[in-house]
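Reader: I am new to this structure. Please show me how to read it.

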Amino acid sequence: MKHVLFCLLLTAVLPAMGFELGENTSRLAWTEAIKGEPLPRAETTKRNLLTVLYFWAPGCQPCKKSIPVLNELLRKRKDKIALLGVGFGPGVELQSDELVKLMEFPVLADSTQKIFNSFMRRSDRIPCVAVLAADGRFLWRGNPDQLEKWLEDHLAGKYDLAAAIRYDRMALAFSEAMRKKDYAAAEKALDTELALVPNNLILVVQKAKLQAEERQDITAAIQTLDAALRRMPNTYVLHELKLQLLRRKGDAVASDAASIALAQAFANDPVMLLGLLRTELRRPGGEFNFTLIRELLGKLVPQTTKLTDEQRLVYYESAAKYAYLTGALEIAVLLQKKATPGAKAPEKERLRHLAELAYYQSALAASRKNEWLSSIK
C-alpha cells in the first residue's frame, strides 16, 4: 500500500520545470543503466527511431499492467521506436525490483530525478511516457495506454505538434492557476484554448464544472453548456451536466425544458432513447426525472418496430415502471405482461419479470380496495 501511494503521489512533489513540447532534448544524457544499454543518440538518429521514455517507480501496480503492453508494442514497432525505462530512485534499490525483470528493454535509474524533472509536469502521474523524435525534439507525453494510438496518428501524419504545444501550455497554466486557487486565471486559460477549438468537449465540461464548483456560478456554467449545445446538440454529456446543474439550482421550469430538449436531440435514435430511459429509471426514486422519462417514452412509441425483440421488452418494462410510478396501475400491469421474456430467456430473468408483475397486480388490487380514501376531505 505504501508503494502504491508513493507511486500515485510521486510527481506531485516535483517542480514544474524541464523541457516543453517541441524543444530539443539532445543535451540530456542517459546515465545509470541498470539493465541493458540504451541506444546512443547517433544510432537512433541514423535509424530514424522515436525514443520512448517510460517512467515508473517500485511497487507501482499500474506500471505492472502497462509493461506487457509496451513490450508487445516494441515487438510490433521495433523498426519505429526505441524503448527506455526510467525508474525513480537509486539503481541499487531498483535493480532488484520485479518490474525491471518484466521490461524487455533497457532500464535506467534516475537517482537525482533529473530526467523525471525534465519531462514530467506537476500534474503528471506514473506510469507515464515521453516520446522524442529522432532529432531529439520532445514530441508527446501521456499515459502508456494511449501510446499506440498516438504512434499510429504520428506515423500517418495526423499529429499536430503545434496544437499539442499550445494545449500543453494551456494545461500547465490551468494546473498552476488551480493549485493557487486563482479560478479566474484558470477559466481564462481554458477560454484561450476554447477560442481556437470551441468544440473540445473536455474543455467545455471542465469550464462548466469550474464555474459551478469553484466559482459558485451555476448560471454562468449553464450558459457555457447552452453555447456548446447550440453547436453540438447531440452531445449527451452536455445535456446531462446541464440537467444536474438545473436540479441543484432548483429551476423546475428550465429543467423540464432541458429534459424535452434532450429527448428531442435523440428523437431519431431509438437505441439511444432506450439507453437514456434505462439510465433514468435506475436512479434512486427521489431523483427520477419524470418529464424526461415521459418524453423519452413518447419519442419511442412510433419507433418500437426499429427495436429488436429484446429491446422491445425493455421498452415495455420501462413503460410499465413509469405507469406504476405515476399511478396508472392497470396500464402498468398490461405493459408488464407485454414485457414477458421468451421461452429461451434465462430462468432468473423470467422469475424477476413475474415478481415485478405480481407486485403491480398487488398494488392494483390494493388500490381498488382503498377507493374510500378518495372520499377523505
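Predicted model: local features only at pLDDT ≥ 70, side-chain atom pairs only at ≥ 80, totals over all residues.

Reader: What pLDDT does the chain average?

Author: pLDDT is the predictor's confidence in each residue, from 0 to 100. The chain averages 90, and 94% of the residues score at least 70. Over residues 1–16 the pLDDT is below 50. That stretch still has 31 contacts in the model beyond near neighbours in sequence (contact: heavy atoms within 4.5 Å).

Reader: In what order do the strands of the sheet stand?

Author: Strands (E, at least two residues) and helices (H or I, at least four) are DSSP runs, numbered from the N terminus. Two strands pair if DSSP finds at least two bridges between them. Here six strands form an open sheet with mixed pairing, in the order S1-S4-S3-S2-S5-S6. S1 (33–35) and S6 (138–142) stand at the edges with a single partner strand each, so one side of each has no neighbour in the sheet.

Reader: How does strand S2 pair with S5 and with S3?

Author: S2 (residues 50–56) meets S5 (residues 128–132) in the antiparallel sense, over five bridges. With S3 (residues 81–88) it runs parallel, joined by seven bridges. Take Val-52: its bridge partner in S3 is Leu-83, and in S5 it is Val-131. Tyr-54 stands opposite Val-129 in S5.

Reader: Are the two faces of S2 buried or exposed?

Author: In a regular strand the side chains alternate between the two faces of the sheet. Buried means under 20% relative accessible area, exposed over 50%, partly exposed in between (1.4 Å probe, protein chains only). On one side of S2, Leu-50, Val-52, Tyr-54 and Trp-56 are buried. On the other, Thr-51, Leu-53 and Phe-55 are buried too. Seven of the seven residues are buried, so S2 is largely enclosed by the rest of the structure.

Reader: Where is Gln-303 found, and what is it in contact with?

Author: Gln-303 is found in the loop between helix H15 (290–300) and helix H16 (309–325). At 6% relative accessibility, Gln-303 counts as buried. A polar atom of its side chain lies 3.2 Å from the backbone oxygen of Lys-299. Leaving aside neighbours within four places in sequence, Gln-303 is in contact with Ala-267, Asn-268, Asp-269, Pro-270 and Leu-273.

Definitions and conventions
Residues numbered from 1 in each chain as written. Heavy atoms only, no water. Polar contact = N/O pair within 3.5 Å; in protein donor to acceptor, adjacent residues only side chain to side chain.
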